[in-house]
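Visitor: I would like to learn how to read cavities and helix packing in a model. Where do we start?

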Amino acid sequence: MTFAPAPPEPAPAPTSGLLLPLLQLAALGGVLAVTPYLAFDLDQHSVPKELLLQAVAWPAAWLALRHRQRITLSLLDLLLAGWAALSVISALFATNHWLALRAVALSLGGLSLFWCAATLRREGRGHALLAGLAVAGLVAAVTALLQSYGVESPLWGESRAPGGLFGNRNFMAHFVALSLPLLYLLRLNAIGCGGQLISIIGAAMAAAALVLSRSRAAWLAVAVGFVVLVAHGLAGSIWRDSEVRRRSRGFLIALGVGVIAALALPNHLEWRSDSPYLETLTRLTDYQAGSGHGRLIQYRNTLRMVEDDPVLGVGPGNWPVAYPRYTTPGDPAYQYGAVMPTNPWPSSDWVALLAERGAPAFLLLAIAGGLMLIRGWRGLSNAVPREEALEAVTLTGFLSVLAVVGAFDAVLLLPGPNLLVWPALGALIPVGRPQLSVEIGGRRLRRIRRAIAVIGVLLVVRSGMQLAAMSVYHSGRDNTTLDRAAALDPGSYRIQMSAAAIEISRHRCDLALPHIQQARRLFPTLPAPERYLRTCTRRRR
């Protein structure tokens, strides 16, 4: 295959010099941001990442619009904007508005990063952003390997090792799996030794971390992504390029070395099985028992929500609020008797987005995903520069990995992957045909940027209050401290119920009652607040 010569790289706009490192550091922060507040389980990892996302997404949008006089939207942009608008409308009718705000803010922040990354691509800086995102995947793999081989830290999630700084081995594995196509692109495009060395080391470490994770969704996603990437390359005859073949061989060898090292070197992971990795491989698509069967039960029950609320869903982030009404006997996704009987999210992005935001919003997002895939598949031709051809192949592989991991677990529902996925898509997707062009210069631009600044400040403050509440709660268990934590984050069911339980244990139902009532308002379908209330009622008698 012969490639057209690459056009000269345009001079970056005044904002790109700030946008680029901001988005690169944000992706790295999506791995490293964590707190030592063990009592908050996965929120120990997700809340600081949420705060980082909001603290980056809105200033980045403000910067990206700094010198814009016109906004041009393609069909893809309009589909994503429609999905965001329907998500906001759905949130207005949600039972738990705190969870709805948190979920919608995550989606809006991700879309902001997407459009900022698209700005960098138009300015010729997309390849540099993608290299930074690939490095973030390498760092994620390193944290998991450190935990696997005995490095101790209060920041790890010990019960779900090796999750590294994600606190959960599946979440880490999804992030690393998504970064693999980006590491491969870095290998193909690297000019100097530094980029090639990073990609080779990253491939070996990513492969080792994925093997050690035993994440079936990640394993399956990498396999599907590899098949799609190879098929796309064959369709465009990209593998006829000798340099591409040579660098691809080096990347595959590095992957193999990582797999062999993970299997051969002794680690500190305490698996119950004598052959844990072989067992995971043989049960890769098992849906008749274990977690696979549990997922089918959960999906079936969750889809009943769609039957009752097909247009707007139960509200963004409100799956755990509604699910107790739909659980069935023997459902492993519902732990009867627990204070919080479900996970915060179902085991699928796509099922969650359909049930929470309704069929119309889900349809818009699905069409947008299909359009992204079409653009990637059509982006490989003899008429494009070599770099763009390789990005097109990477895009189809990346989307395939995202589709698979999102089908079997939470990905876009989490802040860490949002800091990787949306910037990567914005930097990879070719610019589409304009469908709408809006003049925004002068006073209108100032109003838009002012609105972005206000929204950004409010969302950053909200996420900051969540983090502050965790810090206050961690500092003590006296009445004043608990009340301060609950006041800082009124939407925290965990803090409200913990405060209520502590006051009940002290026989202070008068102090527990406000927390119980708030917990009931947040999760009216859960039995635990009612049990606490009955306990206090009996004591009063």
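Guide: With a lining: H2 and helix H16 (415-428) each supply at least two residues of the lining of the largest cavity. Note that this is a predicted model.

Visitor: What is the volume of the second largest cavity, and which helices each supply at least two residues of its lining?

Guide: The volume is about 80 Å³. H2, helix H4 (97-122) and H17 each supply at least two lining residues, with the largest share, five residues, coming from H4. By type, the lining has five nonpolar, three polar and three charged residues. Among them are Glu-50, Gln-54, Leu-459 and Ser-463.

Visitor: At what angle do H2 and H17 pack?

Guide: Helix H2 (residues 43-64) and helix H17 (residues 443-475) pack at about 165 degrees, and their axes lie 9 Å apart. Angles over 145 degrees count as roughly antiparallel, so H2 is roughly antiparallel to H17. The crossing of H2 and H17 is left-handed.

Visitor: Which residues make the contact?

Guide: H2 contributes residues including Glu-50, Gln-54 and Trp-58, and H17 contributes residues including Leu-459, Ser-463 and Gln-466. The residues of this contact divide into 14 nonpolar, six polar and three charged.

Definitions and conventions. Residues numbered from 1 in each chain as written. Predicted model: local features only at pLDDT ≥ 70, side-chain atom pairs only at ≥ 80, totals over all residues. Heavy atoms only, no water. Axes fitted to C-alpha atoms, helices over the stretch in contact; angles between N-to-C directions. Helix = DSSP H or I, 4+ residues; strand = E, 2+ residues; numbered from the N terminus. Parallel < 35°, antiparallel > 145°, perpendicular 65-115°, else oblique. Left-handed = near helix turned anticlockwise from the far one by under 90°. Contact = heavy atoms within 4.5 Å. Nonpolar A, V, L, I, M, F, W, Y, C, P; charged D, E, K, R; others polar. 1 Å grid on protein atoms, 1.4 Å probe; cavity = no way out; pocket = protein on both sides within 12 Å on 5 of 7 lines; lining within 4 Å. Points joined across faces, edges and corners; volume = space filled by probe spheres on them.
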